[in-house]
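Here's a quick briefing to read alongside the model. Grab a viewer and follow along.

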Amino acid sequence: MRWQGQELGVADAAALPGLEQLNGLVRSVTTPEFAGVTFHEVLAKSALNHVPSASAMPFDWTVNPYRGCSHACVYCLHPDTQVLMADGRSKRIADVRPGDVVVGTRREGAYRRYVPSKVSAQWGTRKRAYRVTLADGTELVASGDHRFLTERGWKFVQPAPAGSPQRPYLTTNNKLLGFGIGGPARGARETADYRQGYLCGMIRGDAMMLKRRYSRSDGSGSYTAHRFRLALADSEALSRSRGFLDEAGVATTLRPFTTGTSTRRAVNGIFTSKRADYEAITDIITWPEAPSTEWSRGFLAGIFDAEGSCSRGIMRIANSDAAILSRIGSALRSHGFAFVQEAPRSNGVSNIRLLGGLAARRRFFELTNPAITRKLSLIGDAVKSDAPLRIVSIEDLGETIDMVDITTSTGDFIANGVISHNCFARGTHEYLELDAGRDFDTQVVVKINVAEVLEKELRRGSWHREPVMLGTNTDPYQRAEGRYKLMPGIVSALTESGTPFSILTKGTLLRRDLPLLTDAAKNVHVTLAMSIAVFDDELQHLIEPGTPNATARLETVRAATEAGFRVTVFLMPIIPHLTDSIAAIDHALTRIKEAGAVRVVYGALHLRPGAKQWFLEWLAERHPELVSSYRGLYPGATANAPKAYRAWLARRVRPLLRVHGLDGRAEEEHPRGTPVAGLADRADARSAPPIITTSRGRAATSLRAAAARPAAPGSEASARLF
């Protein structure tokens, strides 16, 4: 369910996902208790979310007090880190916004290639800073949890904290993948010297300047004409040149120069015929005796826009003027670039060709910032470079600083010229079928008035007390619930209105509300389910970082069972080759049975788009021997495990369910939209349960359901609990 229509106010496309309606935002909160997490407290207009009737979900209504989850880890970079955009330019990561298109990577055939990647989120946090320095001078300031791509796979900046499972981390023996930027990130700057250098390169390369003496037509003498013209098909360079001239006090006129045809682009030009302007331009393009580095930087940008090209991995600047060629060579040398000057062609034009491959080209573009975008893109190029990107040092800067991260459609982006990971545990990259709440673990939207709004909605005459499901979109008992305590109000509102409800969670905070839930179950139909996918603590920490382990969740199951609830455990997803062995399944079912659960719903791993890439990257890093098998199980865009594997899994799980005396079903055994044990099912409004009045108000009950529910020993109310 999207939240744009849930909040008050008007839409803001630049806001965080789920915060587009900024007038509904009360405040954003950070607290040491949740380091790295920002809670965005909003006033919601609606609490009940209606599930479309065509949905495969077996329920019609949900309540989601949170958007996002406070379980998982954060990756982040210094705000000044330069992110390569799809148009070939760079932007500070602090300035990147959702909807922007950056450069990511994707494996295509034998190579990983640079591809467009859309940004879906950007957020800030505060983290301890580490500086990674590469042999070419590139510097990266990141958190210890950030990951970069090396020749040996993804690696964290720092080892795992003491007491946590080991994880791969960077050392001085590693080489990062990408092209680097050859020094600290600087970003584009336009100083006075840069502007003068740019105009010198552009005007000497492509403009016409005419100073000629003419006789007057009436024979009264002569006059000197001054003409300046710069005509370009690329409006970006023309606009920059005109703007720089205007800053220098030279006003020009813009008008068409040649019209476009089916084979030729239209050309516009800027003109002036004033003597003062002509003389000012002459002064601007005079060769400096001792050019500054900024002048050289601007000159290279201008001459490249005027006479440069970049195609098939080769960057050239062409000219026939020996003085201009000499100045190009001097400017390149002053910035440490290697090049060759090719022999002149028959027309006298020589090419200066940049050496050093992609690393040198990207450093040239980052340094000089040419205006013409079409010459800059590297989309489609293979990720291969001879740049010296070996790590030479990793320093703890000893301070906690503001940092920024983004989420992209490919799950990575180019940061200071190297391939950087971003966090995939977001709503568009989930990989656990019933864990959509991990979409935002550092930017959690909290509907602080959800209970009050829900209470009003449930009092409407149009409400038929249909079952409501909590926990299939965002986990209602995530860690943030300990701070905001929204669930007691939600449970009370549902109970008072006589609305049956179900809760699915992986959070142990459920135990706090067991007395309230037990009381609610005396008046309405309440079902509880716990999601436990992985029973190996080390694997669980890697796949579900920050969530309670299986032991803690099973203790919650035990507590709910002792309170009289017949608890369902969702053993999902079962992960091929990692948790699908007979020993692993038997171990899981043994512990589930010992905890008192009565039912198990199981299913194989789903790999949705975006999530699939994350999981396969993780698999290549942690279990490379399984990658080929997974590509066979989940080829192309396939999200579901093949039918043959699911049948094989069922033949393995069903006998073990019988051995342990557990009721159990496979996920796919429930036809689309039909009830799933442990979840609230769709109710037919025409046969709504009768309403009775109790000391707590209006309540709904189903005599047939109550009669069918077996009693738990020692509990007078157990006949009403499920």
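Arg-465 is found in the loop between helix 7 (450-458) and strand 25 (468-470); helices (H or I, at least four residues) and strands (E, at least two) are DSSP runs, numbered from the N terminus. This is a predicted model, where local features need pLDDT of at least 70, side-chain atom pairs count only at pLDDT 80 or more, and totals for chains, interfaces and linings use all residues. Residues are numbered from 1 along each chain as its sequence is written, and side-chain values use heavy atoms, with hydrogens and water left out.

- Arg-465 has a phi near 55°, a positive value in a residue other than glycine.
- Arg-465 counts as buried because its relative accessible area is 14%; buried means under 20% relative accessible area, exposed over 50%, and partly exposed in between (1.4 Å probe, protein chains only).
- Lys-485 isn't a glycine either, yet its phi is positive at about 50°.
- You'll find Lys-485 in the loop between helix 8 (481-484) and helix 9, and with 51% relative accessibility it counts as exposed.
- Gly-498, which follows helix 9, has a positive phi too, near 75°.
- From Met-572 to Pro-573 the peptide bond is cis, with omega near -5°, and Pro-573 sits in strand 28 (residues 568-574).
- For context, most residues other than glycine have a negative phi, and most peptide bonds are trans.

**Whole chain**

- The chain's secondary structure comes to 17 helices and 32 strands.
- Out of 722 residues, 54% count as buried.
- Take the contacts (heavy atoms within 4.5 Å) between residues at least 6 apart in sequence: 71% of them join residues at least 24 apart.

**Cores and cysteines**

- Phe-501, Leu-517, Tyr-602 and Tyr-630 touch the most other members of the largest nonpolar core, which has 83 residues; such a core is a set of buried Ala, Val, Leu, Ile, Met, Phe, Trp, Tyr and Cys residues joined through side-chain atoms within 4.5 Å.
- Helix 16 (residues 643-659) gives this core its largest share, 6 residues.
- There's a second, separate core of 43 residues, including Leu-230, Ile-270, Phe-337 and Leu-354.
- A search of the whole structure turns up 0 disulfides, meaning pairs of cysteine sulfur atoms within 2.5 Å.
- Cys-76 is buried at 0% relative accessibility, while Cys-310 is partly exposed at 25%.

**Around helices 9, 12 and 13**

- In helix 9 (residues 487-496), the buried residues include Met-487, Ile-490, Val-491 and Leu-494.
- The axes of helix 12 (residues 550-562) and helix 13 (residues 582-595) come within 8 Å and cross at roughly 35°; axes are lines fitted to C-alpha atoms, for helices over the stretch in contact, and angles run from 0 to 180 degrees between N-to-C directions.
- Among the residues making that contact are Leu-554 and Val-557 of helix 12, and Arg-591 and Ile-592 of helix 13.
- Thr-508, in the loop between strand 26 (501-505) and helix 10 (514-521), is partly exposed at 27% relative accessibility.
- Leaving out residues up to four places away in sequence, Thr-508 touches Pro-548, Ala-552, Arg-553 and Thr-556.
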